[in-house]
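Q: Can you walk me through this structure? I'd like to start with the strands and then look at a few other spots.

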Amino acid sequence: MGFEREFDIMIVPTKGEINTPPPPRKNLSLSVVEPDGKDIKTSSQELDRILIQYIETLSHRTEYHIGYPVNICYEHHAALAPLLQFHLNNCGDPFTQNTVDFHSKDFEVAVLDWFAQLWEIEKDEYWGYITNGGTEGNLHGLLIGRELHPTGIIYASKDSHYSIFKAARMYRMEIETINTLVNGEIDYADLRSKLLLNKNKPAIINNNLGTTFKGAIDDLDLVLQILQKCGYSNDRYYIHCDAALYGLIVPFTQHVKTITFKKPIGSVSISGHKFLGCPMPCGIQITRKSYITSLSTKIEYIASVDATISGSRNGLAPIFLWYSLCMKGRAGLQQDAKMCNENARYLKGQLHKAGISTMLNESSIIVVFERPNVPKFIRHWQLSCTRDMAHVVVMPGITRETIDNFFKDLMQERKKWYQVGIIVPPCLADDIGSQNCLCSKQKMRH
């Protein structure tokens, strides 16, 4: 009870703390210490002190978390906290009841049904489960592709999530890395040439609905046209759609590049903790029921069949996802998507007006811009960077105030980095396109 009381007091910052930027979190250098048998109370108080300090640090750092796709605006923890007293394990197939009561498969199936409806596949035609995250969804989707096409080759753009290439290594599968267009979208000409080169083997395509760094969306219809023109019949290819972040954005933004099982795709995976929000990493993987037979194994020990990768699965995640979907609904998700799109355009506009090279794909919430010159600044704002680029992922918890604070800080620091013209901002023409690059070289060319 002492910890709970202190936690309630701790989460309200004092007047002097509000405008004081908190430092980045440092490693706590913890170790497991045996309890003092003579003074259990003191040992317990020390544990509470460590946890309170840790929670306080996280609470203060939330408004500086802008570089990674996690919805930290999650307000249901108090209502669902009592569930933490139970061990909930959704072991095995979600559609097979356990021999024990401590599971949440009924919640899980409700969530899966919701996503099946979103992606337009009938209840009796789909199979899926709630994963431990987007990576597991990609691993499972590509595993189905391999089981259907044992000699198949994976085709994935170089901007695909690293888990795609991890899957190729784990499954010892051949993979063709496809070039990308400057906006991060798959290079369709390169895809076509490599499909023709390997025409004797089936194709297992990873189709991105929002690449990791630039938020680019591969055109599924164009990919399907290329497969057909290259002579691949429906039974000689499998398409997995990695929709980790954008799977809950695109359906609510009237984007032309939509996901639907009415098209000949094999599976879709998204991350539950990203746009929707969840305290623990989780994801949703859905495929066609007819594809899962080869993976299903009857396990007598748990009185269930199992076609999942992880076996034992977090039973809390389905309840958190179900609760969020019920509280938000489609209207709430549409509102979040609209707000994030508008805020992303606002940030892009601010950067562009200030002469900073920046790019924002259509209907994207990922703003790409020049990499800050000082690691301390990158760490302070928890930015993700690659080469000379950085990005901000404008999630539901990122307000205009946060964007303004970031922009103000960036402009102040930028004056120090590029003073007197000794050091100049990087040229991003090759990374985001010459039309988006505002460096001195591009200005001279124009």
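What follows is a short exchange on strands, a sheet, a helix and a histidine.

Q: What kind of model is it, and how are residues numbered?
A: This is a predicted model, in which local features need pLDDT of at least 70, side-chain atom pairs count only at pLDDT 80 or more, and totals for chains, interfaces and linings use all residues. Residues are numbered from 1 along each chain as its sequence is written, and side-chain values use heavy atoms, with hydrogens and water left out.

Q: Is β4 buried or exposed?
A: Strand β4 (residues 203–208) is mostly covered, with 6 of its 6 residues buried. Buried means under 20% relative accessible area, exposed over 50%, and partly exposed in between (1.4 Å probe, protein chains only). Strands here are DSSP runs of E with at least two residues, helices are runs of H or I with at least four, and both are numbered from the N terminus.

Q: Which residues sit on which face of β4?
A: Ala203, Ile205 and Asn207 are on one side, and Ile204, Asn206 and Asn208 are on the other. In a regular strand, side chains alternate between the two faces of the sheet.

Q: Which strands does β4 pair with?
A: β4 pairs in the parallel sense with β2 (residues 153–157) over 3 bridges, and with β5 in the parallel sense over 6 bridges. Two strands pair if DSSP finds at least two bridges between them. Isoleucine 205 has isoleucine 239 in β5 as its bridge partner. From β4 the chain crosses through helix α8 (residues 220–229) to β5, and this β-α-β crossover is right-handed. That means the path from the first strand over the helix to the second runs clockwise with the strands pointing away from the viewer.

Q: And what pairs with β6?
A: β5 (residues 237–242) and β6 pair in the parallel sense over 3 bridges, with histidine 240 bridged to serine 267 in β6. β7 (residues 283–288) runs antiparallel to β6, joined by 5 bridges, and serine 271 stands opposite glycine 283 there. As for burial, 5 of the 5 residues of β6 (residues 267–271) are buried.

Q: Changing topic: what is the strand order in the open sheet?
A: The order of its 4 strands is β10-β11-β13-β12, with antiparallel pairing. β10 (358–359) and β12 (384–386) stand at the edges with a single partner strand each, so one side of each has no neighbour in the sheet.

Q: Which helix lies across β10, β11 and β13?
A: Helix α10 (residues 316–353) does, running at about 15° to β11. Axes are lines fitted to C-alpha atoms, for helices over the stretch in contact (heavy atoms within 4.5 Å). Angles run from 0 to 180 degrees between N-to-C directions.

Q: Where is histidine 273?
A: Histidine 273 lies in helix α9 (residues 273–277). Its relative accessibility is 14%, so histidine 273 counts as buried.

Q: What is histidine 273 in contact with, leaving aside neighbours within four places in sequence?
A: The contacts of histidine 273 are Val70, Asn71, Gly133, Cys278, Met280, Pro281 and Cys282. A polar atom of the histidine 273 side chain lies 3.1 Å from the backbone oxygen of cysteine 282.

Q: Last one: which residues of α6 are exposed?
A: Tyr162, Arg169 and Met170 are exposed. In α6 (residues 162–170), Ser163, Ile164, Ala167 and Ala168 are buried. The buried residues of α6 pack against α5 (134–148), β2, β3 (175–178) and β4. Just after α6, arginine 172 takes a positive phi of about 55°.

Notes
Polar contact = N/O pair within 3.5 Å; in protein donor to acceptor, adjacent residues only side chain to side chain.
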